[in-house]
Amino acid sequence: MSVRSEGPDHIAWPPEVAAHYRAAGYWRGQTFGALLTTLADAYGTRPAVVGQSADHPVRWSYAELDERAHRLAAGFAGLGIRAGERVLVQLPNVPEFVSVIFALWRLGAWPVFTLPAHRHTELRYFAEKAEASAIVTVAEHERHDHAATARAVAAEVDSLREVLVVGSPEFTELSAAEPREFPDPDPEGVAFLQLSGGSTGLSKLIPRTHDDYLYSVRESARICALRPESVYLAALPVAHNFPLSSPGVLGTLHAGATAVLAPRPDPDMAFRLIESERVTISAVVPPLAAAWVQAAARTDRDLSSLDVLLVGGAKCARELAERIGPALGCRLQQVFGMAEGLVCYTRLDDPDELVLGTQGRPISPDDEIRVVDPDDPNATSDDEVPPGEVGALLTRGPYTIRGYYRAAEHNATAFTADGFYRTGDLVRRLPSGHLEVVGRAKEQINRGGEKVSAEEVENHLMAHPEVLDAAVVSVPDEYLGERTCAYVVPVDGARPSEAELRRFVRDRGIAAFKVPDLVVVVDKFPVTGVGKTSKRELRAALAARAGNG
Ligand code: AMP
Ligand code: DBH
């Protein structure tokens, strides 16, 4: 398979740069497995993870989580899973998510963090690309038979030897294996593969190391003022980088605090847990923030324990930002991050103007930020715009990758020659260092925090026998921020209906959020000077339609 050999697994930082990150104390030579041992020693009987496991409530102390991770690691090893092997983890917000990933870390195997929303096509792609040897999933979630999908994928991908279903008798047996020790993996080596939102085609795999990720987790916990008494509610799907690490479940554990895993993010579920667990901090994407704000006006639940709500993943409109504090009786903390690395936070002691009007400033003094010419996709780190002007954001630093996993061709354009990551975001930088995100240069639709790659959906549409060409663009949407609109040019004489095309895309086995919200069949696309489809004009046409409608 050609997808398997498109470049190296991991592009390390240059040696002198790595030496600086070590000397500055960012990289401390600790692995996630070793961290859990330290946490169990320090916080033993304190509650680490609270959640629902197959409909029964679970409350694991640090010592219990530690023991479970030890046993599971031995169980995985018994199945033949080895250090350096990749394991697809597709779990919703269940406690086992935490024990499974720490078990894999202890073993030195690499979790690949897929989302519960991913379906056959995506899982197969990740499994092939990573040459994964196992999938860990649940039997069913939100009425989808995950075990069946995983088995179907395993039947098609040679490397996949095991499908492990949390809650099955086989998994329970693995969890009871006799604990044993494994050699601690290299802290500067890859710990796991995180997913990008997939700006060009399918999601890219992002290799993160123990050292770099632990630095961002440790600092995130500090910036969000987590203490052992804190209670973090994971409402978003925990495999995503935001609820995993900013500060997320891992930052929570790092602080010796308690992570509560919500099976669903809706206000009913979230408010019930905030009340019963005395939640102090949580994290949401803007559309969910809006839903919580609305529901707060008519809830009987006691939300008084909530101190901080992080909002990120997509731009939080100023009007929404202003309503959060009054409606929920908490402080707002904005966060602008990416699975590739860079994470910015507004600080808890920032003036209101910055908290409401910016997406924060970077975690690290060594996060290098360049705001460059937005009209030149090849702009270098030298092509900076004047201070205060909008430009394309480039970044480099102690926890930002230097390259995607096995993606040499894409890396050539996604990174500058001197190692800056082209984030694709358009930002303005204030004198304080805070960034205001004003838009996006890359072709990605941000559907309320769920990132949809235009190219990926276009490819699915073009697989339809009656579709000649497809162009997917965003439409502004009051609730989600953006929705997807697919423009389609049919082959001669054909006129596929909107319903038929949407059904076709859905039946390709992809996440429901990627099915175009709107399909418009046209005779031809507007083009740019050199004859490329002009998405700018398509968006303008859509805006005009909306204006007339
Ligand atoms: P992903 O590739 O899924 O990790 O998504 C990262 C992207 O999400 C960033 O490059 C931004 O485009 C977007 N994003 C994340 N947080 C924010 C935010 N607070 N405001 C605006 N955009 C955001
Ligand atoms: O959207 C993201 O990817 C994101 C948002 C906030 C992220 O990765 C993060 C914080 O770490």
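## Exposure and the model

A residue counts as partly exposed when its relative accessible area falls between the buried class, under 20%, and the exposed class, over 50%. Glu-156 has 36% relative accessibility and so counts as partly exposed. The model is predicted.

## Salt bridges across the chain

The whole structure holds 31 salt bridges. One of them pairs the side chains of Arg-124 and Glu-156, at 2.7 Å from N to O. This pair links distant parts of the chain. Arg-124 sits in helix H5 (residues 120–130), Glu-156 in helix H6 (residues 146–156), and the two are 32 residues apart. Arg-124 is partly exposed, at 27% relative accessibility.

Asp-302 and Arg-278 form another salt bridge, with 3.2 Å between the closest N and O atoms. Both residues lie in loops: Asp-302 between helix H12 (286–296) and strand E14 (308–312), Arg-278 between helix H11 (267–277) and strand E13 (281–284). The bridge therefore ties together parts that are 24 residues apart in sequence. Asp-302 is partly exposed, with a relative accessible area of 33%. Arg-278 is partly exposed too, with 39%.

## A helix pair and a network

Which residue forms a salt bridge with Arg-318? The partner is Glu-353, and the closest N and O atoms are 3.1 Å apart. Arg-318 lies in helix H13 (residues 318–328) and Glu-353 in helix H14 (residues 352–357), so this bridge ties together parts 35 residues apart in sequence. Arg-318 is partly exposed, at 29% relative accessibility. Glu-353 is exposed, because its relative accessible area is 52% and the exposed class begins over 50%.

## A negative surface patch

Negative charge gathers in a patch on the surface. The patch is made of Asp-382, Asp-383, Glu-384 and Asp-418. Asp-383 lies in the loop between strand E18 (368–372) and strand E19 (391–396). Its relative accessible area is 31%, so Asp-383 is partly exposed.

## Cysteines

How many disulfides does the model contain? The count is 0, with a cut-off of 2.5 Å between cysteine sulfur atoms. For Cys-316, the nearest cysteine sulfur belongs to Cys-330 and is 11 Å away. Cys-316 is buried, at 2% relative accessibility.

Cys-344 is in no disulfide either. The nearest cysteine sulfur is that of Cys-224, 12 Å away. Cys-344 has a relative accessible area of 0% and is therefore buried.

Technical notes
Residues are numbered from 1 along each chain as its sequence is written. Chains are lettered from A and ligands numbered from 1 in the order in which they are written. This is a predicted model: local features need pLDDT of at least 70, side-chain atom pairs count only at pLDDT 80 or more; totals for chains, interfaces and linings use all residues. Side-chain values use heavy atoms; hydrogens and water are left out. Patches are made of residues with over 30% relative accessible area and no salt bridge: like charges are joined within 9 Å, nonpolar side chains (Val, Leu, Ile, Met, Phe, Trp, Tyr) within 5 Å. Accessible areas come from the Shrake-Rupley method with a 1.4 Å probe; for residues, only the protein chains shown count as cover. A salt bridge is a side-chain nitrogen of Lys or Arg within 4 Å of a carboxyl oxygen of Asp or Glu. Lys and Arg count as positive and Asp and Glu as negative; His and the chain ends are not counted. The place of a charge is taken as NZ of Lys, CZ of Arg, CG of Asp or CD of Glu. Helices (H or I, at least four residues) and strands (E, at least two) are DSSP runs, numbered from the N terminus. Buried means under 20% relative accessible area, exposed over 50%, partly exposed in between (1.4 Å probe, protein chains only).
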